[in-house]
Amino acid sequence: MSGLSRRRLDVVNTTAHPRYVVWELTLRCDHACTHCGSRAGVARETELSTEQALGVVAELAAMGTQELVLIGGEAYLHEGFLSIIEALRSHGITPVMTTGGRGIDLSLAQQMHAAGMQRVSVSIDGLAAIHDRMRARKGSFEGTLQALAAIRQAGMVAQANTNLNRLNIGDLEGLYEVLLANGVRGWQVQLTSPLGRAADRPDMLFQPFDLLDVLPRVAALKERGFRDGMMIMPGNNLGYFGPEEALLRTPVKGGSDHFQGCQAGRFVMGIESDGAVKGCPSLQTQHYVGGYASTTPIADIWNDASELAFARARTVEEDLWGFCQQCPYAETCMGGCSFTAHGFFGRAGNNPYCHFRAADHQRRGLRERLIATDAASGRPFDHGLFEIVVEPFDAPLERAPAGEPSLAKIGRKPKRMDPERAGA
Amino acid sequence: MFTCSACSSFVPAKQSACPACRAQFTRSTTTKVVSGVLALAGGSVFAMTLTACYGSINEPIYDDTGASGDTSACTDDDADGYCTPDDCDDTNAAIFTGAPDMAGDGIDSDCGGTDGPDA
């Protein structure tokens, strides 16, 4: 089955199964990024062993998983990394990887390819100065370029992924040029959401009205990408239903795809390194873990846990609130990305990160502004709380300019500061 | 969903005006997205490409059989998002593996080998 069709399906008429899985192999990491949702750095207290992980692979294959993304922390820091890649391949699951790239040299890249890794997405969050600031490590940007080169030299497909926020948005078009020049032909872009360390840095986050600038710029790059041979696709929290929606969401030029709602627990699954199973890798651990693969068959968790079923039978009346409940796109969109909305308000169903929503407010001379209130807890995949203020679109606003390095500073300390996970 | 001919935004079927530009529409002033989907992105109006945070994208030129960089391994002449061999008729965008297949029309739309949905 071709790469495109493995992840393309009728999301209404297909029985829910974990077709696409994102698996945090270990939370141990060689970066301490300022926006890391999982506050990665040291391993969790109990992480799945290689033997347990191989069991997970077999279970997922039986459930119909077609593609699996290994993440962390850094997946290559797990002792069974290469064995797990081999197992995925032998079970017919396409193994891919997302990485900060720091530890990927030609030797490791060749081993990965030999084990069966097909493509690797390197996280690159801006040009050198901004990327290094976000990654809290001088030289990190150069390391990503070296990783891209090693990945390609080893015979794998090199891609990139980027989290967009107020710190790095000024580098967007320049980063496109750098990625193109370094052989990247696939680029996923998404918005930094108030998860983990990003929740401690509310000034780094976009305001909803910033999307009026961001979405058209991403769309323009997508058009350029079609001409240059670079495929740009949005992550699930970048959208929704602006005039560029079809352009952004369709992988072929001239298509008419659009967002179809959160697919967590429908065709997507996330697994944390201690075996916690969620409907999506970014969902808040405290609210969305349905069980642990170390003690319970994954199929049972998938089929029986309410935490994984929340997106399978939702209604506008019961599950949406605020603007989203009244939105003309409510039935289709269902509040956009669940973890993003939950990160702002402690529950899904009302998502301020929406192009249509921002444009609709602007048409009425208004804008929404998010104000940080409660701090995050300080644990992986935690979140704080925000409130929304609706104000005149041209109301005075004091904030540091986009790209200002101080945006990366902690502005709201988590309730529990773990020095090993605190980051920069 | 429909597409507003005035601003290209999507228009939910229940709406009588475009949510974005407020243009009132009738069937004569809209382009039906359903037909667009059938022609360009697949036969199902609910087709989408799965994505997730921390994931990687599926490039249309990429072939999972391991021929990385081998663009000749995948052709999609009808631009329906499916490459051969998953597309048993690459001249018709409504025909591909997993497409809706109406029994009795004499067309194997889902490439299952028979007319009608696969068992």
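Val42(A) counts as partly exposed because 15 C-beta neighbours lie inside 10 Å of this residue; a residue is called buried if 20 or more other C-beta atoms lie within 10 Å of its own, exposed if 12 or fewer, and partly exposed in between, with C-beta atoms placed from the backbone. The structure is a predicted model, in which local features need pLDDT of at least 70 and side-chain atom pairs count only at pLDDT 80 or more, while totals for chains, interfaces and linings use all residues. Residues are numbered from 1 along each chain as its sequence is written, and chains are lettered from A and ligands numbered from 1 in the order in which they are written. Val42(A) belongs to the loop between E2 and H2 of chain A, where helices (H or I, at least four residues) and strands (E, at least two) are DSSP runs numbered from the N terminus. Between Val42(A) and Arg185(A) there are 143 residues of separation in sequence and 32 Å in space, taken from C-alpha to C-alpha.

In chain A, 10 strands form an open sheet with mixed pairing, in the order E8-E7-E6-E5-E4-E3-E2-E9-E10-E11; two strands pair if DSSP finds at least two bridges between them. Strand E8 (231–234) and strand E11 (291–292) of chain A each have a single partner strand and stand at the edges, so one side of each is left without a neighbour in the sheet. Helix H8 (residues 211–228) of chain A packs on this sheet, where it touches strand E6 (157–164), strand E7 (186–191) and E8 of chain A, and its direction makes about 150 degrees with that of E8(A). Such angles run from 0 to 180 degrees between N-to-C directions, and the axes are lines fitted to C-alpha atoms, for helices over the stretch in contact.

Strand E2 (residues 20–24) of chain A is mostly covered, with 5 of its 5 residues buried. In a regular strand the side chains alternate between the two faces of the sheet. In E2(A), Tyr20(A), Val22(A) and Glu24(A) point one way and Val21(A) and Trp23(A) the other way, and all are buried. On one side, E2(A) runs parallel to strand E3 (residues 67–71) of chain A and is joined to this strand by 5 bridges, with Leu70(A) as the bridge partner of Trp23(A). E2(A) also pairs with strand E9 (residues 268–271) of chain A, in the parallel sense over 4 bridges, and there the bridge partner of Tyr20(A) is Val268(A). Together with helix H2 (residues 50–63) of chain A, E2(A) and E3(A) make a right-handed β-α-β unit, a crossover being right-handed if, with the strands pointing away from the viewer, the path from the first strand over the helix to the second runs clockwise.

The largest nonpolar core has 138 residues, of which Trp23(A), Val69(A), Ile151(A) and Met156(A) touch the most other members; a nonpolar core is a set of buried Ala, Val, Leu, Ile, Met, Phe, Trp, Tyr and Cys residues joined through C-beta atoms within 7 Å. Leaving aside neighbours within four places in sequence, Val69(A) is in contact (C-beta atoms, placed from the backbone, within 7 Å) with residues including Val22(A), Trp23(A), Tyr54(B), Gly55(B) and Ser56(B).

Helix H3 (residues 81–90) and helix H4 (residues 106–115) of chain A pack at an angle of about 30 degrees, with their axes 8 Å apart. H3(A) and H4(A) are therefore roughly parallel to each other, the term for angles under 35 degrees, whereas those over 145 count as roughly antiparallel, 65 to 115 as roughly perpendicular and the rest as oblique. Leu82(A), Ile85(A) and Glu86(A) of H3(A) make the contact with Gln111(A), Met112(A) and Ala115(A) of H4(A).

Most residues other than glycine have a negative phi, and most peptide bonds are trans. The peptide bond from Gly72(A) to Gly73(A), however, is cis, with omega near 25 degrees, and the bond from Gly239(A) to Tyr240(A) is cis with omega near 5 degrees. Phe381(A), although not a glycine, has a positive phi of about 55 degrees, and this residue counts as buried because 29 C-beta neighbours lie inside 10 Å.

How values were computed
Two residues are in contact if their C-beta atoms, placed from the backbone, lie within 7 Å.
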